[in-house]
Amino acid sequence: HIQVRVTLESDSFFDFVRLDSLWLETSPPLAQQVIGEVARVDQPEPARGLTEVRLGEMTDFTYDLRAEFDAAGQQGFDAIRIRTSSRPQFRRLEMGATLQAIDPAAVVEGEDELVVQLPERVTRSRNVPVRLVFGTEVFVFANTFTGEVFDTQSADLPQQVEEGDVRDEVKTSSLQVFGLSGDAQQTIQDLRFSSGVVTPNGDGINDQLQIDYQLFRLPQPLPVELVIYNLAGRQVARIAQGYQGAGPQQLSWDGR
């Protein structure tokens, strides 16, 4: 069965929101099951069986995959997408029984995901282990590196990676990464301003203020507002910035 929950929200009490239709698309699975396991590169066998990192610190991870096939009609896959919640840095791709480094067909490093296209397909007849090594930052105390595999030559839907025990030398059996409990006591950290002066007179110098910062411990995106006060403490501007989640963020103000 399929169970769906739809939550409709409005920015105004007087706005009316409704759902007109819902489209569900299905396709055959690419494999019977695809199992994934994540660990720190320097700690494949953590003492407590948990992958723990320092929040906001670039950390290298291994992401092992193992596919299982039970039918000839399962066509396999040639690409992997990992959602990291912050910008990743691809390190290398390893394939085969001995996990030899191999050049990927393509790599895309997105704002919050990593997409790697394999040079060869993983199929029932050529079912080889796959390991991705990448670096990224973690900004929440419990972050799941969800993944999916897909076929770049087909319009079929991706197949989700399920967590489990992939390799004997990795002892996490999980896709979750945990931040150390003593990290990130403040939600907003590393606050930086592009300039200490804003002079919006159109001369191209300090016409706009850019604010960079990092958000920690947010379980989901939350609404952000920029509030401006004058030297007397009186509010002169209040600007909605939309929703932002944990990780590096940025907003700007044009002086108006």
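I started with the second largest pocket, which holds about 240 Å³ of space (a pocket is an open set of points on a 1 Å grid over the protein atoms alone, where a 1.4 Å probe fits, with protein on both sides within 12 Å along at least five of seven lines; lining residues have an atom within 4 Å of a point; the volume is the space filled by probe spheres set on the points, joined across faces, edges and corners). This is a predicted model, so I kept in mind that local features need pLDDT of at least 70 and side-chain atom pairs pLDDT 80 or more, while totals for chains, interfaces and linings use all residues. Numbering runs from 1 along each chain as its sequence is written, and side-chain values use heavy atoms, without hydrogens and water.

I found 14 lining residues there, with Ile188, Tyr213, Leu215, Val224 and Leu251 nearest the centre. Strand E17 (222–229) gives the most, four residues (strands are DSSP runs of E, at least two residues, numbered from the N terminus). By class I got 12 nonpolar, two polar and no charged residues (Ala, Val, Leu, Ile, Met, Phe, Trp, Tyr, Cys and Pro count as nonpolar, Asp, Glu, Lys and Arg as charged, the others as polar).

Next I looked up the largest pocket: about 350 Å³, lined by 20 residues, with Ser85 and Gly245 among those nearest its centre. Its lining splits into eight nonpolar, eight polar and four charged residues.

Last, I checked strand E4 (residues 77–83), where six of seven residues are buried (under 20% relative accessible area, 1.4 Å probe, protein chains only). E4 pairs antiparallel with E8 over six bridges and with E11 over four (pairing needs at least two DSSP bridges).

Note on methods. Buried means under 20% relative accessible area, exposed over 50%, partly exposed in between (1.4 Å probe, protein chains only).
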